[in-house]
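Student: I would like to learn how to read a ligand site and the pockets of a protein model. Can we work through one case?

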Amino acid sequence: MKFFLDTADLAEIEEAASWGALAGVTTNPSLYAKIGGKLDDFHNHMKRICDIVGPDCPVSAESVAMTRDEIVADGRKLAEIAPNIVVKIPTMVEGLAATHTLAAEGIPVNMTLCFSVPQALLAARAGARYISPFIGRFDDISEDGLEQVGNIVTAINNYDFTANTANGEQVEIIAASVRSANHVTQCALMGADIATVPFGVLKKMVQHPLTDRGLDSFMKDWEKVANA
Ligand SMILES: O=C[C@H](O)COP(=O)(O)O
């Protein structure tokens, strides 16, 4: 499983990148609003993220256009920011059509707001490089978000979509709307390719109470050695 950071916060991205396990970044309009992002600085901000993570890490920048022509135009401009930009597009009819056009031009798409197997299969056939099923928002309405991710992983892995994606690569499932380290565990066991996690969840993934307890006892015992 690869780990993406789900944030537009540059300090969080810099810190996570320094840990050596960061494989990409995903953003959305809410995350950009959360850091106080300005409309006319959006492309520059995405460029800053691309520069931090380097050319091998995909950075999802979301289109807020609503018609296929506008999404395609938006996607082309976003793709010009850096070679590692992935255009994030909501799962809807206009989004599918735009994905089809952008994929044919070699522009990778992350199809977001995906909540069902049929949506995921359509996204893959339209040419999405990444598909992002949401876990937490499903849980928010008392449904089982993890079960949906598992179903989507199974369904997508039943087929070969390499003829549909932008550059003949296999579709990868990004488990999104991740709210806990346990979500990551369950998604890994189900074979999700990627988990995109908020920085708070990434920090929790490193921690375990037995690690803390073990470290504490090692340090105390080492003090005895040093003072002997
Ligand atoms: O855009 C994708 C995010 O992973 C959504 O996460 P959220 O449901 O916690 O806002």
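Student: Which side chain has an N or O atom 3.1 Å from an oxygen atom of the ligand?

Tutor: A polar contact is a pair of N or O atoms within 3.5 Å. In this predicted model, the side chain of K88 places an N or O atom 3.1 Å from a ligand oxygen. For R137, a polar side-chain atom is 2.6 Å from an oxygen atom of the ligand. The side chain of S177 also takes part, with an N or O atom 2.7 Å from a ligand oxygen.

Student: How much of the ligand's accessible area does the protein cover?

Tutor: On its own the ligand has 310 Å² of accessible area, and the protein covers 83% of that.

Student: Which residues are around the ligand, and how do they divide by class?

Tutor: The residues around the ligand are D6, N28, K88, F134, R137, A176, S177 and R179. By class, this shell holds four charged, two polar and two nonpolar residues.

Student: How is empty space found in a model like this?

Tutor: A probe the size of a water molecule is rolled over the atoms, and this shows where empty space is left. Here the largest pocket contains about 390 Å³ of space. Its lining has 24 residues, and those closest to the pocket centre are D6, N28, L31, R137 and P198.

Student: Where does the ligand sit?

Tutor: The ligand sits in the largest pocket.

Student: Which helix gives the largest share of the lining of that pocket, and what classes of residue make up the lining?

Tutor: Helix α2, residues 29-34, gives the largest share, three residues. The lining of the largest pocket has nine nonpolar, eight polar and seven charged residues.

Student: What is the volume of the second largest pocket, and which residues lie nearest its centre?

Tutor: The second largest pocket holds about 260 Å³ of space. It is lined by 13 residues, with Y32, L39, F42, E62 and V64 nearest the centre.

Student: Which helices each supply at least two residues of that lining?

Tutor: They are α2, α3 (42-53) and α4 (68-79). By class, the lining of the second largest pocket has six nonpolar, four polar and three charged residues.

Conventions
Residues numbered from 1 in each chain as written. Predicted model: local features only at pLDDT ≥ 70, side-chain atom pairs only at ≥ 80, totals over all residues. Heavy atoms only, no water. Near = heavy atom within 4 Å. Polar contact = N/O pair within 3.5 Å; in protein donor to acceptor, adjacent residues only side chain to side chain. Areas by Shrake-Rupley, 256 points an atom, 1.4 Å probe, with all protein chains shown as cover. 1 Å grid on protein atoms, 1.4 Å probe; cavity = no way out; pocket = protein on both sides within 12 Å on 5 of 7 lines; lining within 4 Å. Sits in = over half its atoms within 2 Å of the grid points. Nonpolar A, V, L, I, M, F, W, Y, C, P; charged D, E, K, R; others polar. Points joined across faces, edges and corners; volume = space filled by probe spheres on them. Helix = DSSP H or I, 4+ residues; strand = E, 2+ residues; numbered from the N terminus.
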